[in-house]
Amino acid sequence: MHKMMYSTSRRSLLMGAGAALGAGLLPRLGRAQTPIKVAGIYTVPVEQQWVSRIHVAAEAAKAAGQIDYTYSENTSNTDYPRVMREYAESGVQLIVGEIFGVEQEAREVAAEYPDVAFLMGSSFMPDDALPNLAVFDNYIQDASYLSGIIAGAMTKGNIGMVGGFPIPEVNRLMHAFMAGAKESNPEITFQISFIGSWFDPPKAKETAFAMIENGADMLYAERFGVSDAAMEKGVLAIGNVIDTQADYPETVVASALWHFEPTFNAAVAAVQAGNFTAANFGTYSLMKEGGCSLAPLGTFEGKVPEAALALVAEKEAAIKSGAFTVEVNDEEPKSS
């Protein structure tokens, strides 16, 4: 992973923002005293937007006295199983992380420590044969769809979209955003590119520059670096997972925010109750569960067309009531 130093203001922004399980096999954890011991294992710096949501939720639980929390960042996929074992051997009761690049190996480690609960970001569904490993993902397609409606109302018709990898969890957010944008303007065209990294701001920025050269006047910033390109070239951007408008007050119109607290708190409660088991915690990221939201317009108050805001309000209410469901499309999106 490409590591990049960030200013104090950037790190402060990222760290300060944010804030149906069946019977389990972990009776020993049910007798554990609070706070429980939790470890985070991250393959990127904790200021990377996706991981920062997990880290912020864990820090909040630590501040509330619910957990003892330690973490490792910049852990390579090849080193991930070793770090998992070290934490498991140390008496940690819940390990949280992301295993998209080390799925099989991580499951093998989890099987070795049946008394440790594992809550892992994953592209796969839970396996009943491995009852101590639950999965999650940022199912924030609801908020992505709403941000697309705003984007569609703020562009002349050409949107550039820069993603990390074309995996299901990225693809579904892009498709939801595109569907929202088409609600505002069915004629919008999209430029789509993936940079092959979860953390390479310079590459994301250069990719975005190329899209602007090719006519994009609105960018979908799935990765860090895209909003920098938008700001330098005077075009607009939509954020993903976190709200970076404070850094880009004239650039970032809106953002689809991920709130990991519902996911994390449900897992901690399950461990404390002794009924943690294989489950899909991704559902806690849905808007109706409080797991995602549309960021406040902030500096763009009064600049977004009223018709778009009315449509956002209508669709948000329908999403929360269950009257409308944002389509989940995990196929790789293609440029128009």
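A crossing of two helices is called left-handed if the near helix is turned anticlockwise from the far one by less than a right angle, and right-handed if clockwise. By that rule, H6 passes H11 in a right-handed crossing. This is a predicted model, where local features need pLDDT of at least 70 and side-chain atom pairs count only at pLDDT 80 or more, while totals for chains, interfaces and linings use all residues. Residues are numbered from 1 along each chain as its sequence is written, and side-chain values use heavy atoms, with hydrogens and water left out.

**Some terms first**

- Helices (H or I, at least four residues) and strands (E, at least two) are DSSP runs, numbered from the N terminus.
- Axes are lines fitted to C-alpha atoms, for helices over the stretch in contact, and angles run from 0 to 180 degrees between N-to-C directions.
- Angles under 35 degrees count as roughly parallel, over 145 as roughly antiparallel, 65 to 115 as roughly perpendicular and the rest as oblique.

**H6 and its two partners**

- Helix H6 covers residues 141-154, and its axis comes within 6 Å of the axis of H7, crossing at roughly 40°.
- That angle makes H6 oblique to H7.
- On the H6 side, the contact (heavy atoms within 4.5 Å) includes Gln141, Ser144 and Tyr145, and on the H7 side it includes Arg172, Leu173 and Ala176.
- Sorted by class, this contact has 9 nonpolar, 7 polar and 2 charged residues (Ala, Val, Leu, Ile, Met, Phe, Trp, Tyr, Cys and Pro count as nonpolar, Asp, Glu, Lys and Arg as charged, and the others, Gly among them, as polar).
- H6 also packs with helix H11 (residues 306-321), at an angle of about 165° and with the axes 9 Å apart.
- So H6 is roughly antiparallel to H11.
- Here Asp142, Tyr145, Leu146, Ile149, Ile150 and Ala153 of H6 meet Ala308, Leu311, Val312, Lys315, Glu316 and Ile319 of H11.
- That contact splits into 9 nonpolar, no polar and 3 charged residues.

**H4 with H5**

- Helix H4 (residues 80-89) and helix H5 (residues 103-112) have axes 9 Å apart and an angle of about 20°.
- That makes H4 roughly parallel to H5, and their crossing is right-handed.
- Pro81, Met84 and Arg85 of H4 touch Glu105, Ala106, Val109, Ala110 and Glu112 of H5.

**Pockets and a cavity**

- On a 1 Å grid over the protein atoms alone, a cavity is a set of points where a 1.4 Å probe fits but cannot get out, a pocket is an open set with protein on both sides within 12 Å along at least five of seven lines, and lining residues have an atom within 4 Å of a point.
- The largest pocket has a volume of about 240 Å³ (grid points are joined across faces, edges and corners, and a volume is the space filled by probe spheres set on the points).
- Its lining has 20 residues, with Trp50, Glu98, Phe100, Ile167 and Trp198 nearest the centre.
- H7 gives the largest share of that lining, 3 residues.
- The second largest pocket holds about 160 Å³ of space, and its lining includes Gln141, Asp142 and Ile319.
- The largest cavity has about 100 Å³ of space.
- That cavity is lined by 13 residues, and Ala221, Arg223, Phe224, Ser227 and Thr244 are the closest to its centre.
- H9 gives the most to the cavity lining, with 3 residues.
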